[in-house]
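Some notes on this model follow, as numbered points. Please read them beside the coordinates.

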Amino acid sequence: MTRSSFNPQPAGAASQPPSSAGPALAATLDAALAAAPSLDARLRLIAEHVPGRVAFSTSLGIEDQAVFAAIATADLPFDVFTLDTGRHFPETLETLDATEARYGRRIRVVFPEASDVEALVARDGIMGFRQAIENRKACCDVRKVRPLNRALVGAAGWITGLRRDQSAGRAHVPFAAWDANQNLIKLNPIADWSLETLEAYVSDNAVPLNALHSQGFPSIGCQPCTRAIRPGEDIRAGRWWWENEDGKECGLHNRPKVKDAAA
Ligand code: SF4
């Protein structure tokens, strides 16, 4: 198949009507979450004040495992889902299984559309994402962004495990902000956690973790696109390491100026 015959669908999923109350609520929640004394308190605030379905997308990495542990322990009624790109490490799927067993709660698994994957692989090849940034972004779009958008349709809130010190690009992540692309409030209840705080939390609560974290993988994505990092490297240096450092996001969280949007 030629490049031109591959016809990607629009990545956007803003099918909800615009909300005038959403940005104001996001600003209020941003301040409230900052003042809340614990992760549990922050999640309860979200459950109480965000009207409608609140989704939590977990990558099963250490940050999201901490957030999920708090959600499951408090039995909060969030729509928890994970994206199965089809290219995960076996250890990541083992983490999913162990997490469900540990907390007695099913995590919804969202897959890409088979026809999208088939068209992409027919165009670029099974490892085509290494040949050009354009190809890599197309792969992330098909395997991650579109399934995420589909899973978020109709949600009023979207919880993530983003932290400010994960990378320079996440240094200004707010606790809550209006996401005009998804037409919902994006909520980051551990935005201010340091790595030390996170590690203490998962240790104190015996949270199951991906075995790769102890093998030099602080950030775990798809198997072909993730390597272990060396001492002193940025914690996201092992993601798409053949690309330039700037803009190494998969499209799930690279919304521009989300903090400004909350103002
Ligand atoms: S991380 Fe790699 S394999 Fe996974 S969706 Fe993106 S380009 Fe494809």
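1. Buried means under 20% relative accessible area, exposed over 50%, and partly exposed in between, using a 1.4 Å probe and protein chains only. On that basis, 52% of the 263 residues in the protein are buried.

2. The model is predicted: local features need pLDDT of at least 70, side-chain atom pairs count only at pLDDT 80 or more, and totals for chains, interfaces and linings use all residues. Residues are numbered from 1 along each chain as its sequence is written, and side-chain values use heavy atoms, with hydrogens and water left out.

3. The protein has eight helices and six strands. These are DSSP runs numbered from the N terminus: helices are H or I with at least four residues, strands E with at least two. The order along the sequence is α-α-β-α-β-α-β-α-α-β-β-β-α-α.

4. Helix H3 covers residues 62-73. Of its 12 residues, 11 are buried, among them Glu 63, Asp 64 and Phe 68. The expected span is 1.5 Å times one less than the number of residues. For H3 that gives 16 Å, and the end C-alpha atoms are 16 Å apart, so the two agree.

5. Which residues surround the ligand? The shell (a heavy atom within 4 Å) holds Arg 87, Phe 129, Arg 136, Cys 139, Cys 140, Arg 143, Lys 144, Cys 222, Cys 225 and Trp 240. Six are nonpolar, none polar and four charged.

6. Cys 140 is buried at 7% relative accessible area, and Cys 225 is buried at 8%. The structure holds zero disulfides, a disulfide being a pair of cysteine sulfur atoms within 2.5 Å.

Methods. Ala, Val, Leu, Ile, Met, Phe, Trp, Tyr, Cys and Pro count as nonpolar, Asp, Glu, Lys and Arg as charged, and the others, Gly among them, as polar.
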